[in-house]
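Please have a look at the model first.

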Amino acid sequence: MKVTDHLKNAKGKTLFSFELIPPVKGRNIQELYNNIDPLMEFDPPFIDVTTSREEYVYIDKEGLLDKKVTRMRPGTVGICASIKHKYKVDTVPHILCGGFTKEETEYVLVDCHYLGIDNVMALRGDAMREEKYFQPTKGGHAYAVDLVRQIQNLNQGKYLHEDIETDHSAQFCIGVAGYPEKHLEAPSLKSDLKRLKEKVDAGADYVVTQMFFDNQKFFEFVDAARDIGINIPIIPGIKPMAVKRHLQLLPQVFRIDLPQDLIDAVDACENNKAVRQVGVEWAIKQSQELKEAGVPVLHYYSMGKSDNIRAIAKEVF
Ligand code: FAD
């Protein structure tokens, strides 16, 4: 079922959902299930599974280093299918521009369609770890809006190299990313919102936001989006702070501001166990306020460990 249909059926009730990262290559998928199990009592209508960018690895060949590209956390679509099968819940694979040609994207979408996956998140993808800026893949898309257009075309039976008349074309519901504090590369919040509007006009059905720690930023973002005619659901993304290093890392990587009260509380922690508790308490407060404001879903970034998400959900749902 489509994410947007879940929202309609909820009739204004705030739903719970979360995002998972595929395990590192070679690890057991049971580890992932062990983190999903404790969250199922909160009845997520859908679960997102991220796609990681490729990385360069250097293989020692008799003293010479051979540079190869590899994806350390493959398996997004397979994991989505297995979660759907095991838990009878909808899944949302993240589809990236980066690292995929348009043809490869088409094949991934065809796989999703055959597997009964009705939703996809259309994203540009981060820059590769070794790159300062995002470099489009040869034969791939440069921006998420182009990916949204490709998915919408497929929904109408328009494949890359042929139009196919069929009663069985996919009808993907498309999520896209939004940034309450603007995307790090955008020259201004206003121009970033115009880019978001382009994704909506191209056929996006809902928005999930980047993490934020000050709800006011989210409320202002939603108001500004509505002002320029973005009328699709906007789902807040919540990440509980978990380690002290997040104080530097999150602003540096995502260009987001942290409220002073949160910084002071984390600074005062003696160890990361205490930071994790502060993160949970902050996320509970954030979630309760957002729920009271009537957000459609509270979507949590789980980063592979679900104990803190469970502690938050127990208080909020
Ligand atoms: P875009 O919408 O393409 O925007 C990228 C930048 O380009 C913005 O600054 C925008 O203003 C600008 N822009 C857009 N269109 C144009 C245009 N036509 N001309 C000029 N400028 C333009 N990353 C992963 O690698 N894997 C994931 O699974 C993943 N999941 C995510 C889930 C969520 C909810 C969010 C918020 C982010 C996620 N990301 C993920 C990170 C995301 O890939 C990065 O933030 C990326 O840098 C931008 O992706 P986007 O889809 O927002 O890009």
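A crossing of two helices is called right-handed if the near helix is turned clockwise from the far one by less than a right angle, and left-handed if anticlockwise. This is a predicted model, in which local features need pLDDT of at least 70 and side-chain atom pairs count only at pLDDT 80 or more, while totals for chains, interfaces and linings use all residues. Residues are numbered from 1 along each chain as its sequence is written, and side-chain values use heavy atoms, with hydrogens and water left out.

**Helices that meet**

Helices (H or I, at least four residues) and strands (E, at least two) are DSSP runs, numbered from the N terminus. Their axes are lines fitted to C-alpha atoms, for helices over the stretch in contact, and angles run from 0 to 180 degrees between N-to-C directions.

| Pair | Angle | Axis distance |
|---|---|---|
| α6 (residues 189-202) and α7 | roughly 60° | within 10 Å |
| α7 (residues 215-227) and α10 (residues 272-292) | about 30° | 10 Å |
| α9 (residues 260-267) and α10 | about 155° | 9 Å |

Angles under 35 degrees count as roughly parallel, over 145 as roughly antiparallel, 65 to 115 as roughly perpendicular and the rest as oblique.

Let us begin with α6, which passes α7 in a right-handed crossing. Leu189, Leu193 and Leu196 of α6 touch Phe221, Ala224 and Ala225 of α7, where contact means heavy atoms within 4.5 Å. Residues are sorted by class: Ala, Val, Leu, Ile, Met, Phe, Trp, Tyr, Cys and Pro count as nonpolar, Asp, Glu, Lys and Arg as charged, and the others, Gly among them, as polar. The contact of α6 with α7 has six nonpolar residues, no polar and no charged ones. Given their angle, α6 and α7 are therefore oblique to each other.

Next, α7 also passes α10, again in a right-handed crossing. On the α7 side the contact is made by Asn215, Phe218 and Phe219, and on the α10 side by Gln286, Glu289 and Leu290. Here the classes are three nonpolar, two polar and one charged.

How are α9 and α10 oriented to each other? Their angle makes them roughly antiparallel, and their crossing is right-handed. Asp261, Leu262, Ala265 and Val266 of α9 meet Val275, Val278 and Trp282 of α10. That contact divides into six nonpolar, no polar and one charged residues.

**Spaces in the model**

On a 1 Å grid over the protein atoms alone, a cavity is a set of points where a 1.4 Å probe fits but cannot get out, and a pocket is an open set with protein on both sides within 12 Å along at least five of seven lines; lining residues have an atom within 4 Å of a point. Grid points are joined across faces, edges and corners, and a volume is the space filled by probe spheres set on the points.

The structure holds one cavity of 30 Å³ or more. Among the residues lining the largest cavity are Tyr179, Lys182, Met211 and Arg255, and the lining divides into five nonpolar, one polar and three charged residues.

The second largest pocket has a volume of about 230 Å³. Of its 13 lining residues, Thr51, Thr76, Val77, Phe100 and Val108 are the closest to its centre. Strand β5 (90-96), with helices α3 (76-87) and α4 (102-114), each supply at least two lining residues; the largest share, three residues, comes from β5.
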